[in-house]
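I opened my notebook to record, entry by entry, what I looked up in this structure. I began with the charged pairs and then moved on to the cores, a helix and the sheets.

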Amino acid sequence: MYRTHTCGELRLENIGTPVTLAGWVQTVRKFGSITFVDLRDRYGITQLLFGEALNPQLDDQPLGREFVIQVEGTVTERSNKNKNIPTGDVEITVSKFTILNKAQTPPFTIQDDTDGGDELRMKYRYLDLRRNIVRQNLELRYRVNRAARNFLDSKGFMDIETPFLIKSTPEGARDFVVPSRMNPNEFYALPQSPQTFKQLLMVSGYDRYYQIVKCFRDEDLRADRQPEFTQIDCEMSFVEQEDILNNFEEMLKYIFKEIKGIEFKDAFPRMTYDHAMEFYGNDKPDIRFEMKLVNMNDTVKGNGFKVFDEAELVVAICAKGCAEYTRKQLDELTEWVKRPQIGMTGLIYARYGADGSIKSSVDKFFDESKLKGWAEKTGAQPGDLILVLAGKEERTRKAMSELRLEMGERLGLRNKDVYAPLWVVDFPLFEYDEEDKRWVAKHHPFTSPKPEQISWMDDLSKYGNIKANAYDIVLNGTEVGGGSIRIFQRDLQEKMFAALGMDEEEFNHKFGFLLGAFEYGAPPHGGMAWGFDRLCALLGGSESIRDFIAFPKNNSGRDVMLDAPSAIDQKQLDELQIALK
RNA sequence: GGACUAGUAGUUCAGGUGGUUAGAAUAAUGGAUUGUCGAUCCAUAGGUCACGGGUUCGAAUCCCGUCUGGUCCGCCA
């Protein structure tokens with residue numbers, strides 16, 4: 001046995017106990033004839049004292065940072081206690097030590113405020129993972145995982161694994177593809193999600209399924225997107241949307257209570273997709289603060305100001321208490337909206353002074369009484385600032401959504417310790433793909449339309465109006481989960497495929513197995529999938545999911561530690577019958 | 001596919017407008033030190049200024065290209 005205790009557990013009550021510890025050398029503090037060593041493992045840090053008798057041995061066998069050592073000794077009370085660490089009342093008076101393994105000096109310091117940059121820490125991820133902060137993130141992830149499993153288990157959900165080597169479908173995200181050696185010129189795809197499998201499990205009668213499972217999408221990455229990510233994937237039979245929302249709202253409440261000690265007493269608010277788009281400009285509103293978008297078309301048009309008169313949409317927000325913004329700050333905001341990522345040509349503003357006067361950047365076209373109308377429309381009070389954008393509807397709404405978030409950030413309204421969950425419901429069934437000039441599924445092609453709108457699928461002009469029984473759970477402006485009631489009848493599913501532009505041959509080829517299954521007694525069903533990494537990041541107060549993944553990839557999809565992806569041997573290519581371009 | 005940003009000692013960074021020998025902190029190494037816990041003090045060593053090309057009498061600095069990291073737009077049912 002290498003150790004009798006961990007480095008985190010010894011306390012005053014252990015005084016006098018002979019112990020053996022093993023761990024990593026955090027620091028060595030040498031004082032002539034005595035030496036202190038901080039010994040670290042996953043559980044904590046314990047101070048070792050090499051006294052006068054043993055100290056000379058350290059001259060022959062010097063200890064360096066990150067050496068792995070084993071020590072025997074006795075737990076003793078410290079004369080100078082350290083209140084900053086749990087084991088700070090005691091130290092181990094060492095009688096014997098063994099160097100189990102030497103270590104090179106690490107390229108960055110293994111401590112909370114490390115000097116290492118991102119790149120280096122990713123390359124030596126196994127060292128980065130030794131750091132408290134990173135370890136705590138992984139511990140949080142594990143606890144969230146346990147909480148989700150506990151909850152789902154208590155509700156009778158059954159964890160069933162589904163395959164990773166499956167069939168490629170062109171819908172949705174790009175597939176990662178795996179060549180098949182035994183079937184030359186053919187390829188598996190890695191699942192973007194276990195969607196069809198969980199539906200087949202419903203057909204098989206496993207009416208409550210879940211899985212915490214990897215999904216793969218070959219698309220460009222972001223701080224909150226990885227090519228392989230983890231979902232809490234769930235599906236239920238004989239349920240309506242209301243049942244699913246209630247069940248998973250309870251799950252999120254349970255997770256919050258277990259992980260953060262936060263109790264949500266009230267039901268989560270719900271908002272329709274249309275409402276979210278109109279008043280927040282996006283389908284995942286951050287409702288920690290108001291600052292709603294106000295459509296100004298009727299208020300401002302027809303005053304001879306071309307920018308407004310020619311715009312599809314004029315939209316405003318009211319920034320509370322910002323009337324005193326300086327010209328410099330407003331210019332900066334203007335520059336901000338003119339960045340290519342936002343893409344507006346300018347920003348119009350009106351300051352509602354504390355004295356009741358209103359001054360705008362377009363006084364030439366709008367006198368004070370007209371500007372009072374702006375204030376009335378936006379709910380601005382003396383002391384507030386009205387910000388206005390105008391232009392093409394979609395771009396302008398989107399830009400204002402971004403500006404709203406930016407203003408929320410600047411005004412400190414996006415406190416990461418405040419959690420505001422929200423259901424967004426009634427998503428559209430379809431959206432129009434401008435590039436391909438066709439209608440595509442907004443959620444996925446297995447999503448059920450609102451039953452009363454099914455007949456609209458025969459009328460192309462109504463496609464944009466059809467709503468689905470589809471919903472997202474949004475937390476602080478981040479989509480952390482989503483799902484839908486599924487189609488479970490063959491004829492409706494065929495109708496859906498046809499609406500998406502597939503002919504009979506095509507959908508039979510791609511989804512014949514599902515259509516076939518629907519002919520053998522498919523129950524009504526629905527479910528949802530949670531972005532597990534994002535949920536962990538939110539609970540951990542971080543923007544980046546990489547902090548919560550043991551071995552993440554960078555934003556080019558590379559694993560810089562392994563240096564993957566990489567070229568493969570010609571022999572491997574030959575076996576796969578693949579020729580490189 | 002595109003935009004922005006960064007790359008200087010092991011590491012984190014500083015090095016207006018081009019100009020002598022490229023600095024600091026930290027880590028490392030050696031020495032001193034019996035109560036530290038971010039130990040302290042003294043000393044030492046440490047540089048392909050990412051890479052390639054160009055402008056110039058002269059480039060870490062200016063220009064072009066490439067690579068790498070990060071953030072974002074497009075994309076991600």
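**Entry 1: salt bridges**

I first wrote down that a salt bridge is a side-chain nitrogen of Lys or Arg within 4 Å of a carboxyl oxygen of Asp or Glu. I noted that this is a predicted model, in which local features need pLDDT of at least 70 and side-chain atom pairs count only at pLDDT 80 or more, while totals for chains, interfaces and linings use all residues. I also noted that residues are numbered from 1 along each chain as its sequence is written, that chains are lettered from A and ligands numbered from 1 in the order in which they are written, and that side-chain values use heavy atoms, with hydrogens and water left out.

The structure holds 43 salt bridges, and I looked up a few of them. E250 is joined to K155 by one, with the closest N and O atoms 3.0 Å apart. Because E250 lies in helix 6 and K155 in the loop between helix 4 (132-154) and strand 6, this pair ties together parts that are 95 residues apart in sequence. Here helices (H or I, at least four residues) and strands (E, at least two) are DSSP runs, numbered from the N terminus.

I then asked whether these two residues are buried or exposed, or something in between. Buried means under 20% relative accessible area, exposed over 50%, and partly exposed in between, with a 1.4 Å probe and protein chains only. E250 has 37% relative accessibility and so counts as partly exposed, and K155, at 28%, also counts as partly exposed.

D384 forms a salt bridge with K320, the closest N and O atoms being 2.9 Å apart. D384 sits in the loop between helix 11 (368-378) and strand 16 (385-391), and K320 in the loop between strand 13 (313-319) and helix 10 (327-338), so this bridge ties together parts that are 64 residues apart in sequence. D384 counts as buried because its relative accessibility is 4%. I also found that salt bridges with shared partners join D118, R121, R125, D128 and R131 into one network.

**Entry 2: nonpolar cores**

A nonpolar core is a set of buried Ala, Val, Leu, Ile, Met, Phe, Trp, Tyr and Cys residues joined through side-chain atoms within 4.5 Å. Which residues have the most contacts inside the largest core? They are V144, L152, I232, F248, I255, W423 and W530, in a core of 42 residues. Helix 6 (residues 241-260) gives the largest share of this core, eight residues.

I checked L152 for contacts, meaning heavy atoms within 4.5 Å, and, not counting residues up to four places away in sequence, L152 touches F157, Y210, I232, C234, F248 and M251. A second, separate core has 25 residues, including L313, C322, L333 and I342.

**Entry 3: helix 6**

Helix 6 has 20 residues and reaches 28 Å from its first C-alpha to its last, close to the expected 28 Å at 1.5 Å a residue; the expected span is 1.5 Å times one less than the number of residues. Among its buried residues are I244, L245, F248, M251, L252 and I255. Just after helix 6, G261 takes a positive phi of about 70 degrees.

**Entry 4: sheets**

Two strands pair if DSSP finds at least two bridges between them. An open sheet of eight strands has the order 6-9-10-22-21-20-17-11, with mixed pairing. Its edge strands, strand 6 (158-159) and strand 11 (270-272), each pair on one side only. Strand 17 (residues 421-425) and strand 20 (residues 470-475) pair in the antiparallel sense over five bridges, and W423 stands opposite I473 in strand 20.

Strand 2 (residues 34-41) and strand 3 run antiparallel and are joined by seven bridges, and a hairpin connects them through two residues. D41 stands opposite G44 in strand 3. With strand 5 (residues 90-101), strand 3 pairs in the parallel sense over two bridges, and L48 stands opposite I92 in strand 5. Five of the seven residues of strand 3 are buried, so strand 3 is largely enclosed by the rest of the structure.

Last, I looked up N55, in the loop between strand 3 (44-50) and helix 1 (57-60). N55 counts as buried because its relative accessibility is 5%, and, not counting residues up to four places away in sequence, N55 touches G32, S33, I34, T35 and F50.
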